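Please keep the sequence and the 3D view open while reading.

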Amino acid sequence: GDRLLVLEEGERTGDLSATSSDHAVAIEPMTTERIEVIRGPETLLYGSNALGGVVNVIRGAVPSTAPERLGGSWQWQGESVNDGLSSGAALSMPLGPLALRIDGSLRDADDIGTPRGTLINTAIRTANTSTGISWVRPWGFVGVAGSLYDSQYGIPPDPVAGHPGGVDIDLTRQHLEARGEVLRGCGVIRRLEAHHSFSRYRHGEFEANGALGLEFGLLTHNGGLQAHLAPREQFENGVVGLWYEYRNYASAGLNFTPPSEEYAGALFTYHEWTSGSWAFNGALRFDARRVEPREERDSSTVGRIERRDFAGGSGGLSSQYRPSAGLAVGVTVMQTFRAPGVEDLYAEGPHLATYAYEVGNGALGRERGR
């Protein structure tokens, strides 16, 4: 689930990877600039429930700085375990006050070989491309980017549950994002960041004979605003912000999960401060979510299908003591909040690629983690 958040540019990917093990993360790592791993109270900047941490993939699709000249990178990879080949390239260039970035990659691999033979239906073919442009000035930048991710991959067969040929998944994601940053703050505000993104996601699950067994569709809007605070006395770093999300979910095939919409919002704050050999960081976050099916009805398996509203707070505090330059001892305490989503509440029907019949619970309450 989303107890471990995998993000792109600090925001949700707009896919369904957190809901099931057969749903791939719609991120291509080959054309990324860097990957951040975040633990502790700072994770509450990104979500209310990331007890396992945050993996944030930075692609730089929207350029934040102006390149001095044309430049880029290219890489090629090969794998013997599955006769895999992949290649990716990124190009950046100045266009007067504008900065342009283009990237793309291709990945192709056959079934995986093991000491006991070939693991059938594990091939993958993925294409990914993006284009971004920004207006970069001394006070900051504002820009937009668009990307397309297309992947076909196989789920190996389950000898107990059936489907001897396995299940094939065809996944696409179209993504648009706008991002801006103001570096010249005033008073207590050092820097302002704002972003909004839109994703159109679809994936189909096909039986070995080519018949479509299940299809998912998801439209996602999300974004936020963060104000980074200027250092004051012992407080070195502080952030206050807001986040919002809208999801429109639907499924088709032999599945009775109702089409639904989700509305979510959050307010949060994060601070770091030091005192001698001690360092502290803490965060507070309040989230609210509404899950609204298109129609309300009673189900013999799920229970009552109706609109649900959830709200709750999360918090974390971390302290670290450094008795010497090479030694640190610390402790972190966190409490998190998670609202159930559409799949938790209303899932009803077979899920082809997991070889399971999924049943939600319309009466689920909020989840807390410590």
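A polar contact is a pair of N or O atoms within 3.5 Å; within protein, one must be able to donate a hydrogen and the other to accept it, and residues adjacent in sequence count only if both atoms are side-chain atoms. By that rule, the side chains of Asp 15 and Ser 17 are joined by a polar contact of 2.8 Å. The model is predicted: local features need pLDDT of at least 70, side-chain atom pairs count only at pLDDT 80 or more, and totals for chains, interfaces and linings use all residues. Residues are numbered from 1 along each chain as its sequence is written, and side-chain values use heavy atoms, with hydrogens and water left out.

**Asp 15**

- Asp 15 sits in the loop between β1 and β2 (34-38). Strands (E, at least two residues) and helices (H or I, at least four) are DSSP runs, numbered from the N terminus.
- Asp 15 is buried yet has no salt bridge. Buried means under 20% relative accessible area, exposed over 50%, and partly exposed in between (1.4 Å probe, protein chains only).
- Which side chain of opposite charge is nearest to Asp 15? It is Arg 173, 5.9 Å away. Here Lys and Arg count as positive and Asp and Glu as negative; His and the chain ends are not counted.
- A polar atom of the Asp 15 side chain lies 2.8 Å from the backbone nitrogen of Ala 26.
- Beyond neighbours within four places in sequence, Asp 15 is in contact (heavy atoms within 4.5 Å) with residues including Tyr 201, Leu 218 and Arg 247.

**Salt bridges**

- Side chains of opposite charge can pair when their charged atoms come close. A salt bridge is a side-chain nitrogen of Lys or Arg within 4 Å of a carboxyl oxygen of Asp or Glu.
- The count by this rule is 26 salt bridges.
- Arg 59 pairs with Glu 8, with the closest N and O atoms 3.4 Å apart. Arg 59 lies in the loop between β3 (53-58) and β4 (71-79) and Glu 8 in strand β1 (residues 4-8), so the pair ties together parts that are 51 residues apart in sequence. Both Arg 59 and Glu 8 are buried.
- Arg 101 and Asp 103 form a salt bridge at 2.4 Å, N to O. Arg 101 is buried because its relative accessibility is 8%. Asp 103 is buried too, at 2%.
- A network of salt bridges links Glu 8, Arg 59, Arg 101, Asp 103 and Arg 173.
- Glu 296 and Arg 304 meet in a salt bridge at 3.7 Å, N to O. Glu 296 is partly exposed at 48% relative accessibility, and Arg 304 is partly exposed at 34%.

**Strand pairing**

- Two strands pair if DSSP finds at least two bridges between them.
- β13 (residues 212-229) and β14 (residues 235-253) pair antiparallel over 16 bridges. His 228 stands opposite Val 239 in β14.
- The hairpin of β13 and β14 has five residues between the strands. In the turn, Glu 233 has a positive phi of about 55 degrees.
- β14 also runs antiparallel to β15 (residues 260-275), with 14 bridges. Trp 243 has Ala 266 in β15 as its bridge partner. Six residues form the hairpin link from β14 to β15.

**Gly 146**

- Gly 146 lies in strand β10 (residues 140-155). Gly 146 is partly exposed, at 22% relative accessible area.
- Outside four places in sequence, Gly 146 is in contact with Thr 129, Ser 130, Thr 131, His 175 and Leu 176.
- Gly 146 and Ser 197 are 51 residues apart in sequence and 9.6 Å apart in space, C-alpha to C-alpha.
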